[in-house]
Amino acid sequence: MAELIIMFREVLEASLIIGILYTYLRKSGNESSIKMLWGGVSSAILISIIASIIFQMIAGGFEGNASKIFEGIVMIIASAVLTTMIIWMAQNKNISEDLKNQAKESLSSGFKYGIFTLAFVAVFREGVEIILFLYAIGIKDGISIFPSVIGSLLGLLAGYAIFVQGVKIPLKQFFNVTSVFLIFVAAGMLTYGVHELESGGVIPYMGGETQVEDDKIIATRMNGESKTFTLNQEKKAEKWASRIWDINPKKNSDGTYPMFHDKGSIGGLFKGFFGYNGDPSLIEFITWVISMIGLNVLYQKIGRKKQ
């Protein structure tokens with residue numbers, strides 16, 4: 001369901017940008033530049049689709065540990081971009097005036113493609129963010145098409161209601177509420193990125209210990225729990241030992257996951273929203289705690305200091 005909120009917010013942001021620029025051009029008597037506006041929007045959407053296809057082709061070319069490392073890096077980048085977006089939105093109290101000033105400068109500069117460029121960059125930025133965020137969510141939880149489509153449609157409808165129907169929507173409150181939610185999503189992305197880098201061997205497993213006795217490996221967790229592995233399962237033993245707890249219930253007899261398993265219906269929902277993990281490693285847990293504290297401090301001290 002995280003994709004619904006992200007798509008709604010991203011499409012609404014793009015709709016607001018287009019709506020603000022369109023309204024300004026109409027009211028300022030620059031209707032001849034509206035074609036440039038729509039040209040920039042259309043080009044940005046087309047290039048975003050092409051970029052998405054290329055990105056998927058590149059991502060599909062990795063296998064084994066290389067795939068995990070690539071996914072881990074993408075998750076961390078997506079978390080950083082999402083954090084930047086949250087803070088930027090919180091800092092900008094009057095995006096409408098900023099866009100109008102940029103449009104005014106573009107028109108007065110005499111550059112023929114000024115409005116085209118302004119619209120293209122603004123919309124393409126949203127497109128790149130969507131590609132990153134949806135790919136990151138897909139790695140962690142899998143993508144649900146229905147929520148993504150619903151989020152997009154709601155974003156378009158909200159933009160239509162604001163600019164065509166004149167409906168007043170408390171956008172600042174909306175962005176504040178969704179920003180708090182997205183902080184959890186960003187922390188979850190960062191933590192899962194670390195998880196993938198652990199699996200890929202870039203970050204060593206930390207916590208617990210393993211020792212070889214006779215012809216077996218004994219792995220011991222920090223809580224004292226132990227498990228025996230064969231000699232050819234060294235990495236698996238280290239991974240098991242690094243887990244600080246495991247509250248995931250066992251699989252059902254038919255092979256499905258129980259509701260509260262982090263891959264089950266309810267556990268999976270919490271995993272998508274808050275980065276919940278039923279058996280986190282020590283470094284994953286530390287990363288999640290530090291990122292949650294750090295992101296909240298950034299949002300409160302930097303993002304909202306101008307409010």
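Me: Why is Arg221 called buried?

Reply: Buried means under 20% relative accessible area, exposed means over 50%, and partly exposed lies in between, with a 1.4 Å probe and protein chains only. Arg221 has a relative accessible area of 6%, so Arg221 is buried. The model is predicted: local features need pLDDT of at least 70, side-chain atom pairs count only at pLDDT 80 or more, and totals for chains, interfaces and linings use all residues. Residues are numbered from 1 along each chain as its sequence is written, and side-chain values use heavy atoms, with hydrogens and water left out.

Me: What makes Glu225 and Arg221 a salt bridge?

Reply: A salt bridge is a side-chain nitrogen of Lys or Arg within 4 Å of a carboxyl oxygen of Asp or Glu. The closest N and O atoms of Glu225 and Arg221 are 3.5 Å apart, and the pair forms a salt bridge. Glu225 has 38% relative accessibility, so Glu225 counts as partly exposed.

Me: How many salt bridges does a search of the whole structure find?

Reply: The search finds 5 salt bridges. One of them joins the side chains of Arg26 and Glu31, at 3.4 Å from N to O. Arg26 has a relative accessible area of 41%, so Arg26 is partly exposed; Glu31, at 49%, also counts as partly exposed.

Me: Why is Ser152 called buried, and which residues is Ser152 in contact with?

Reply: Ser152 has a relative accessible area of 18%, so Ser152 is buried. Contact means heavy atoms within 4.5 Å. Leaving aside neighbours within four places in sequence, Ser152 is in contact with Met7, Phe8 and Val11. Ser152 lies in helix H6 (residues 145–163), and the side chain of Ser152 reaches the backbone oxygen of Ser148 at 2.9 Å.

Me: How do you know that Glu126 is buried?

Reply: The relative accessible area of Glu126 is 3%, so Glu126 is buried. Glu126 is placed in helix H5. Beyond neighbours within four places in sequence, Glu126 is in contact with Glu10, Glu13, Ala14 and Ile17. The C-alpha atoms of Glu126 and Val11 are separated by 7.7 Å, with the two 115 residues apart along the chain.

Me: What makes a nonpolar core, and which residues touch the most other members of the largest one?

Reply: A nonpolar core is a set of buried Ala, Val, Leu, Ile, Met, Phe, Trp, Tyr and Cys residues joined through side-chain atoms within 4.5 Å. The largest core has 30 residues, and Leu82, Phe133, Tyr135, Leu182, Val185 and Met189 touch the most other members. Another core, of 17 residues, lies apart from this one and includes Ile17, Ile18, Tyr24 and Ala122.

Me: How many helices and strands are in the chain?

Reply: The chain has 10 helices and 3 strands. Buried residues make up 44% of the 307 residues in the chain.

Note on methods
Helix = DSSP H or I, 4+ residues; strand = E, 2+ residues; numbered from the N terminus. Polar contact = N/O pair within 3.5 Å; in protein donor to acceptor, adjacent residues only side chain to side chain.
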